[in-house]
Amino acid sequence: MEEVVLRLEKLLVPSISDVAVLSIDVTDEAVRIEDQRTVAGSDCPGCGSWSRRIHSSYLRFPADVPSGGRRVVLCLRVRRFLCPVISCGRRTFVEQMPGLTRRYGRRTERLRSTLAAVGLALAGRAGARMARVFGLSVSRSTVLRLVESLPDPEVPAPRVVGVDEYATRKGRHYGTVPVDVESRRPVDLLPDREASSLAAWLAKRPGWRWSAAIGHRSLQKAPPPGRPRRCRWRTGGISGTT
């Protein structure tokens with residue numbers, strides 16, 4: 001039995017250290033795994049001090065990625081510790097299992113990343129339908145929230161920036177959108193289409209080469225800093241460097 005538990009531990013929590021699988025209960029509908037952290041103490045998230053003084057403990061039941069068409073629910077015995085630093089604002093704190101749980105989380109990190117990947121590929125409504133195929137009951141709003149919680153990817157500074165306009169209310173309110181000409185991705189959104197706003201935005205980014213496909217006269221009145229020259233792009237306009 002111990003050998004089976006060890007194999008399941010490597011299968012279910014392969015990249016999570018200091019976590020031991022105590023028992024596994026498999027039914028026709030769900031798989032319940034009882035886990036416990038093996039470290040004697042934990043770091044206080046407020047001051048970073050190490051503590052072994054246990055205040056209390058309780059059970060958490062975060063949902064995990066389904067396995068074999070069955071729901072997987074973890075039964076985690078987590079401990080609440082007393083912070084040894086009197087001046088710390090957090091007198092007690094609950095231990096977290098890195099790579100598995102987070103504060104107030106009802107899903108494991110593995111399930112969160114899976115749903116976020118589905119949301120990135122299919123967005124909210126279609127992502128929720130695809131999640132049901134996997135055996136996950138989740139709303140489209142939850143999928144979108146998981147996508148919004150992802151950190152912004154690190155995007156390298158564009159070599160050539162194109163400038164165009166967008167409308168928040170057609171015929172009434174317009175803004176300026178700088179675009180990476182090479183990747184064709186928006187770089188930023190400016191709240192208006194005044195030349196002064198564009199010039200101030202470019203002044204904060206010296207060394208950028210820009211190519212403006214200008215669709216409104218207000219942007220043509222005062223081109224951004226640099227020596228403008230005729231643009232070679234099919235859209236026409238002006239270009240230069242800051």
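Buried means under 20% relative accessible area, exposed means over 50%, and partly exposed lies in between (1.4 Å probe, protein chains only). By that rule Val133, at 63% relative accessibility, counts as exposed. This is a predicted model, so local features need pLDDT of at least 70, side-chain atom pairs count only at pLDDT 80 or more, and totals for chains, interfaces and linings use all residues. Residues are numbered from 1 along each chain as its sequence is written, and side-chain values use heavy atoms, without hydrogens and water.

**Aromatic pair**

- A search of the whole structure finds 1 aromatic pair (ring centres of Phe, Tyr or the six-membered ring of Trp within 6.5 Å).
- The ring centres of Phe81 and Phe93 are 5.8 Å apart and the planes are at 25 degrees, so the pair is stacked (under 30 degrees; over 60 is edge-to-face, the rest tilted).
- Phe81 lies in strand β7 (residues 70-82) and Phe93 in strand β8 (residues 92-94), so the pair ties together parts 12 residues apart in sequence.
- Strands are DSSP runs (E, at least two residues), as are helices (H or I, at least four), numbered from the N terminus.
- Phe81 is buried, at 0% relative accessible area.
- Phe93 is buried too, at 1%.

**Val133**

- Val133 lies in helix α2 (residues 109-133).

**Asp192**

- Asp192 sits in the loop between β11 (185-186) and α4 (195-203).
- At 25% relative accessibility, Asp192 is partly exposed.
- Leaving out residues up to four places away in sequence, Asp192 touches Tyr174, Gly175, Thr176 and Ser197 (contact: heavy atoms within 4.5 Å).
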